[in-house]
Amino acid sequence: MDAGKKLVKGPLVLYEQMRLKIIEMIAERRLQPHDPLPSEVELAALFGVSTRTSKEALTALAKEGVVYRLPRRGTFLAEQPGVGGAGGGAKLAVVLPAIDDYAGKIVEAAILAGKRHGVEIALHISGGVPETEEEMIKEAASAQEIGGVIWFPGNRKACSHEVLRLHLSSFPIVIVDRAFREIDIPSVSHDHYQGAYDLTSWLIGQGHSQIGFITEDIEGIMSREERYHGYLQALLDCGIPFSRSLSYICADAPEADEARRQKDLLAFVLAHPEMSAVFCANDLLANLTINTCVRHGIDVPGRLSVAGFTDSAAAQRSVVPITTVRKPPEPLGEAAVELLLQRMQHPERMPPSVKQPTTLVVRESVSRRADKP
């Protein structure tokens, strides 16, 4: 290719001429997948055009899948020039505190989604240590082969400083299973509000009007806040007065030992004989409530119906199988990969966050009120 030949206005617009020239250059230089291309500035100087024109040409090639672009790093040849897998072959990093059944299913779904797009997933497990997690996110983002990061925050109440920094520098990052109010970072999570609303409405339909709400500390954790707001809104829409005394905040483990938590829960239940059902913000709390009641001779669901949220193993194995809201983890992993690849392919766009639906799972822990139709 004649590197000194400048582009001139003609039948084809300049950026389209440049697009064709770049394809020729890829073939002549025998570039391999993931090899870097000249920068926008270098291409503009080579063909005597503005950097805006070179940017338009590279953007067009990225949309076709010929190349992929990484913020602050440059433009690289995709796996199949002219055909183009969605991710361009770059690796994605997943950073999370630990692998349990729920997180494991999210990761497994992300790996399978990555394979469909021809991208690998690099897994980083911090062990729940915030300083380790910050360093892992930083290292992953600085690695040449990593095109974006999926972050699973666990129970963190505040967004990672490193995640904030990367987002503000336009590095592709997606949060999975959580969202934070500090900044609008693309995220994939379940619709906790709607799930809680649906469950509370269903409990009301079963004849329960005095419904308690048991949660761990709500402040700073949007998923817990959304579940509480869904519960409140369902009461309001059904014309049931809200009683603040029926809301109970249980100490987060390991802040309180199991015996203390059970003692406090029992005191709450006994203090409210009018309460015929309780919505627990997660299945572990629901299981704890059921165990507490059974141990002290309180019939579940005869005296007190108990519902949870998540559909974890605890809900299925409880001494009284728990009615709950299912949060299927697999769609989170799939959607997180899709959202991150969109962010990588179109760095000029900020994709909206994704809310995945939940479903109600009815088991033996809730009964219909005998005195209600």
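Visitor: Which residues touch the most other members of the largest nonpolar core?
Guide: This is a predicted model. The largest nonpolar core holds 29 residues. Those that touch the most other members are L92, I150, F152, V176, V188, V337 and M344.

Visitor: Which element gives the largest share of this core?
Guide: Strand 1 (67–70), strand 3 (91–96), helix 4 (101–116), strand 6 (173–176) and helix 12 (330–345) each give two or more residues to the core. The largest share is 8 residues. That share comes from helix 12.

Visitor: What is V337 in contact with, leaving aside neighbours within four places in sequence?
Guide: V337 is among the residues that touch the most other core members. Contact here means heavy atoms within 4.5 Å. On that basis, the partners of V337 are L92, A110, A113, G114 and I150.

Visitor: How many residues are in the second, separate core?
Guide: This core stands apart from the largest one. Its members include C250, M275, L288 and I298. The count is 23 residues.

Visitor: Which residues does I121 touch, not counting those up to four places away in sequence?
Guide: I121 sits in strand 4 (residues 121–125). Its C-alpha atom is separated by 35 Å from that of D198, 77 residues apart along the chain. The residues in contact with I121 are L92, V94, A110 and I111.

Visitor: Why is one side of strand 9 and of strand 11 left without a neighbour in the sheet?
Guide: The open sheet has 4 strands, ordered 9-8-10-11, with parallel pairing. Strand 9 (247–249) and strand 11 (305–307) stand at the edges, so each has a single partner strand.

Visitor: Which residue stands opposite V278 in strand 11?
Guide: Strand 10 (residues 277–280) pairs with strand 11 in the parallel sense, over 3 bridges. In this sheet, neighbouring strands are turned by 20° against each other on average, direction ignored. Opposite V278 stands V306.

Visitor: At what angle does helix 8 run to strand 8?
Guide: Helix 8 (residues 222–237) lies across strand 8 (211–215), strand 9 and strand 10. Its angle to strand 8 is about 175°.

Visitor: Which residues lining the largest pocket are the closest to its centre?
Guide: The pocket has a volume of about 1300 Å³. Helix 4, helix 5 (130–142), helix 8, helix 10 (283–295) and helix 11 (313–317) each give two or more residues to the lining. Of the 47 lining residues, the closest to the centre are D100, Y102, N155, L284 and T310.

Note on methods:
Residues numbered from 1 in each chain as written. Predicted model: local features only at pLDDT ≥ 70, side-chain atom pairs only at ≥ 80, totals over all residues. Heavy atoms only, no water. Pairing = 2+ DSSP bridges. Axes fitted to C-alpha atoms, helices over the stretch in contact; angles between N-to-C directions. Core = buried A, V, L, I, M, F, W, Y, C linked by side-chain atoms within 4.5 Å. Buried < 20%, exposed > 50% of the residue type's maximum accessible area, 1.4 Å probe, protein only. 1 Å grid on protein atoms, 1.4 Å probe; cavity = no way out; pocket = protein on both sides within 12 Å on 5 of 7 lines; lining within 4 Å. Points joined across faces, edges and corners; volume = space filled by probe spheres on them.
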